[in-house]
Every structure is written in C-alpha cells, then in structure tokens.
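Look over the sequence and the model, then read the points below.

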Amino acid sequence: MTLTSRSPLTPLILKPGTSWTDAWQRCLTAAPEAFQDDRVLNLWQGTWHADGRVLPTTSPVDGTPIAGLPRLDAASAHAAVRASLDQHRAWRNVPLAERKARISAALDALTEHRELLSLLLVWEIGKPWRLAQADVDRAIDGVRWYVDEIDGMVRDRTPLPGPVSNIASWNYPMSVLVHAMLVQALAGNAAIAKTPTDGGLACLTLACALINREGVPVTLVSGSGGELSEALVRAPEIGCVSFVGGRDAGGRVASAVADLGKRHVLEQEGLNTWGIWQYTDWQTLTGHIRKTFDYAKQRCTAYPRFVVQRSAFADFLNAYLPGVQSVRFGHPLAVADPADDLPELDFGPLINAAKAKELGDLVSEAIDRGAVPLHRGTLADGRLLPGQDTSAYLPPTTLLGPPPSSPLHHAEPFGPVDTIVLVDTEAELLAAMNASNGALVATLSTDDDSAYARLAPHIRAFKVGHNKPRSRGDRDELFGGFGASWRGAFVGGDLLVHAVTEGASHQTVPGNFPEYHLMPGLTA
C-alpha cells in the first residue's frame, strides 16, 4: 500500500507552527482568563477558578506532555451546580431574541478560532486534521441552524426548572458536547459540562471561554466521574442529565435518574452491524470500507461487525480487502516538507496507550481462541515521525469468526478492528445483527428490495441503511437508539429542544424509557 509519495529515505517532520507549545501559546493569547502558564482553570459562577488538583497528561499523538485536568472535589462540584442554578433562573427569563444574539456572537468567536480549536483536538484526542476541522464546523454550523429555527421549536414551551448537566465521552468535544450546550442555552437553560477524562480539556476550555464572554451561562468542570456524579447527576438543582458514553457508566447514570425521576438523554454504545445478503454491487462496497475506518472507528456510529452470507464470502472478501488495505493512518501533523499541507489520514492514534494495548490484547486472545486474521496492518504502514512514541497506535485489523468467549464477539471495540461473522439463513443474519441488544445504526446491503423491506424492521437499530452507512446526522435529522443503546429522550431537530424544555402536561416526549418506547410522530 502506498501511503505517501515521499522517498522512504526522507524522514517526516512535525509541521512547523503546529507543536503543542505553539497551540498552548495561542491559547494563552486567545483566552488569558482561562489559561495560565502551567494549567487551565475551571469555569463556574461565570468566572474562572484556579481550583482542583492537576494531574499530568500526555498526548496520544506522540507522548508529548499536554494540559492536565484540574480535578475538582465533590464539595466544589456541588458549589458549581448551585451557582449554575442561579444562572439558570436568570437566563430563562432572558428574551429569546437576546439569547439568539448572544449565541450568534459566540458562534462568530468560535469561527474566528476554528483552526486553533482544531489543532487542540489533534493533540488532545488524536483526530486527523480533516476530521478535527469537521468536528468544529459541525458544532458551529449545527447551532447556527438552531438559531434560525428555534422560534418555532420553543413556541408554547418553557425551559426546565434547573440546568442541564452534560457528561460526554471524549471523541466529539465540539460537534456533540459544545453543540448540545449551546442548543440547551438557546432553549433557555444554563448548561453544565464535565470535561471528558480522556481528552478535550484545552479545546473545551477555549470554546467555553469564548462562549462565556458573550454572557451565555455555561459551566465547565473537571474531575472523576465517581467523585462528581453526586453533584452532576443526583443534585436536586439539575433539571436534566445528558450522557454520551459506554454502557457501564451509562447504566449507573440511568439508575440514578430513574430513581430521581429526572429528565434524561443517555446515548450508550451498541455493536453496529453491516449485513450482506443476496448482494453483488461489490465495487460500491469497496468504496465504503475505507470510510468506515474514520477516526479509527472511535465513533458511536462506527461499523465494526460485518455479517456476511456464507455463499457470498469470497466475493465479499475480494471487495473488502482492497478497502481496508487502502486505509491511511499515522501522526496527524507529520509532513515531508515544511510547506506541505497536513496529511489526509483516516486515523491517528487511539485515545491512549492503555486502550491500544487492551484492544491489541483482545485481538491476540481472539486469535488464540480460533478467530482467523484476515488482515493485520503493521506500524510500518503508518506515517510516523522517526523515533516517536507509538504506544497509542494500532493498525487496522480484521478477524473472521471471533469466538463467543471473546468481548470482540458481542461488544463494540471502539478501535480499528473489524470482525466478520458468516451466516446461512435469514434467521441467523438477524440474530447476528442484533448481537448487542440494541444499536444506534445498522446497514443491510442487498440487491433485493423486498428482502430489505422484510428484514430491516427486525434489525434493532434506530437507523438502518440500505446499501450505505448511516450516521448520527445533523440539524433536523433525528437520532436515538433501541434496547440498551439508548435511554431517555430522543434528539435531533426539534426533539433536541423538546428534550430540554417543558410543554403541555399531556405531551409525551419521544424516547426509550423504562415505562414506554415512543418513536417520533407516534402517540403513546
């Protein structure tokens, strides 16, 4: 596989102007109220506080030391929540026109600092430049759409009694977390966010500094989930809990909000599957395969499992292997010449070295137990700096037949590892595609439209694609999940606003709740 046109004797270099030191100095200039020479601050009560215990952190990109989380204790977190309630009570009475104006000004400031926000995402969570910019752009463009549409969405609705608490994973700090906070504020709520433990601190700090300057009531605090959950989930001041993450942590949050009767939106992981049944358009499939490896499949809508009709397996493999072999990975800021553009990569490192080792060990264990390795990339395939730390990198890998005893058989790997399961009947196809008790997305590739119409309703995913992948979506596209992949209100379009506002007492919020499951457009 050809990854670059450079001579193999020409070592790559870090593109000038993109080092962590460069990014940090730009942060100090852009938001001196939020960044100090040696640390970032926590934002609560509308001001920045040099509180919390800072833990050392390194970048997954190459082990460079970067800003560490200023971890608050439980008492400080409770104080931040109480202060947010005071902000909420004032903000909910601010006229909608003024809320729109302030948030539009915040979006203008985010746009001005787009490149710095993107560079911080590269260093903190390892996103390639193209995907980092897309994360920032989706946040800004998405909220601008809500600014244009919000009037009708909040008609005859009121903000919640208390602020919205956001606990999100590290993989989309801007397009998921910042986007949600700004829409919540647009709807009349104060918004609280816990900085993801694994990454995104400086990016979120800069974003919240720009938003806070415009008088929008946002709170950003750092700390361990165990220590802060009592304040951010159970505190009586909280009006709604919005969570994005794994099923273990999500289950604990779900138990807490169910006990307390709180409004909630809990997006959890599921094993998204791609089925192949009576299908022959292999050239189209090859074009999709490489795209499925974006950001090393560290996405809630990634497709790590292919369920393939056994009689079509040889043709599938001929289409699949060229796709996976074309995947490009490496250091997101490595160039051959200082004047070169940043590389077009599909992914960089995993979120940390521990995750890369864990997933690598699971692959080795699965092979020891009988899985067949169909493709195993090597670090030599990657665009890496000479002598750099590569402990967080894992090349693309594909396994046939992961044993039932392996976590790779039933759980989302959240890394660049595909597994393939062969089936002979439609019943086996559906069972294999529903292996994780609910998913966010799925795809069924089949030439037979009647087969798709017959089988798709039995696939337990919120969105099911026909011959093409599905995604989270933007703007008015709805999003949710079935089974254990989602709990609480669905989002997207007006549902995202309705999830954090109150309407008439007889109105039922669409979502997946213990007492009911209501799809949008239906009645309970």
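Contact means heavy atoms within 4.5 Å. Helices (H or I, at least four residues) and strands (E, at least two) are DSSP runs, numbered from the N terminus. This is a predicted model: local features need pLDDT of at least 70, side-chain atom pairs count only at pLDDT 80 or more, and totals for chains, interfaces and linings use all residues. Residues are numbered from 1 along each chain as its sequence is written, and side-chain values use heavy atoms, with hydrogens and water left out.

**Confidence**
- The protein chain has an average pLDDT (the predictor's confidence in each residue, from 0 to 100) of 94.
- At least 70 is the score of 97% of the residues.
- Over residues 1-7, pLDDT stays under 50.

**The sheet**
- Seven strands form an open sheet with mixed pairing, in the order E19-E20-E21-E17-E16-E22-E23. Two strands pair if DSSP finds at least two bridges between them.
- Strand E19 (372-376) and strand E23 (461-466) stand at the edges with a single partner strand each, so one side of each lacks a neighbour in the sheet.
- Strands E20 (residues 397-400) and E21 (residues 417-423) run parallel, joined by four bridges.
- Leucine 399 faces threonine 419 in E21.

**Helices on the sheet**
- Helix H10 (residues 282-292) lies across strand E16 (273-276) and strand E17 (305-309). H10 runs at about 165° to E16; axes are lines fitted to C-alpha atoms, for helices over the stretch in contact, and angles run from 0 to 180 degrees between N-to-C directions.
- Helix H11 (residues 313-325) packs on the sheet and touches E16, E17, E19, E20 and E21.
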